[in-house]
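I opened my notebook today to look around a new structure. Come along and check each entry against the picture.

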Amino acid sequence: MIDLSTIKKEDFDQHINTLFTFKNEENMDASFELIETSSSESLNTESFRLLFRGPSDVSYPQQLFHFNHLALGVLEIFAVPIRKEDSGIYYEAIFSRFKNKNGGM
């Protein structure tokens with residue numbers, strides 16, 4: 001499993017439009033598509049956001065998803081549903097960490 005304390009937005013950028021799969025409540029494979037990454041910075045913190053699109057016919061509550069990705073491997077990501085559209089239900093995951101003294105993470 002990938003250590004999420006060291007992962008960065010750039011690790012996800014190359015995987016936009018790819019699928020992150022997980023087992024749903026019925027133990028069936030379900031998928032979210034990573035559709036966007038973005039970042040922000042303040043004086044003391046750096047953060048990045050992942051936006052996933054899931055199916056429109058099934059809504060999942062906010063939870064820790066045990067994702068599997070072909071290139072990244074197994075990831076545990078806490079994601080929250082933020083909106084529903086005809087194209088799917090959108091889920092957001094936010095990663096934040098304090099900057100070290102040298103300005104990096």
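Predicted model: local features only at pLDDT ≥ 70, side-chain atom pairs only at ≥ 80, totals over all residues.

Next I looked up aromatic pairs, and the structure holds 19 of them. One of these is the pair of Phe22 and Phe65, which is edge-to-face, with 5.1 Å centre to centre and 70 degrees between the planes. I noted that Phe22 belongs to strand E1 and Phe65 to strand E4, so their pair ties together parts that are 43 residues apart in sequence. Both rings also belong to one aromatic cluster, whose members include Phe12, Phe20, Tyr60 and Phe95.

Then I turned to the nonpolar core. How many residues does the largest one have? I found 21, and Phe12, Leu50, Phe52, Phe67 and Ile77 have the most contacts inside it. Strands E1, E2, E3, E4, E5 and E6 each supply at least two residues of this core. E6 gives the most, with four residues.

I stayed with Phe12 for a moment. Leaving aside its neighbours within four places in sequence, I saw Phe12 in contact with residues including Ile7, Leu34, Leu50 and Ile77.

My next stop was Asn24, in the loop between E1 and E2. Is Asn24 buried or exposed? Its relative accessibility is 15%, so I wrote it down as buried. Beyond its neighbours within four places in sequence, Asn24 is in contact with Ala30 and Tyr60.

Last, I looked up a charge by a ring: the charged end of Arg83 sits over the ring of Tyr90, 4.3 Å from its centre.

Note on methods. Residues numbered from 1 in each chain as written. Heavy atoms only, no water. Core = buried A, V, L, I, M, F, W, Y, C linked by side-chain atoms within 4.5 Å. Buried < 20%, exposed > 50% of the residue type's maximum accessible area, 1.4 Å probe, protein only. Contact = heavy atoms within 4.5 Å. Phe/Tyr/Trp six-rings, centres within 6.5 Å; stacked < 30°, edge-to-face > 60°. Lys NZ or Arg CZ within 6 Å of the ring centre and 35° of its normal.
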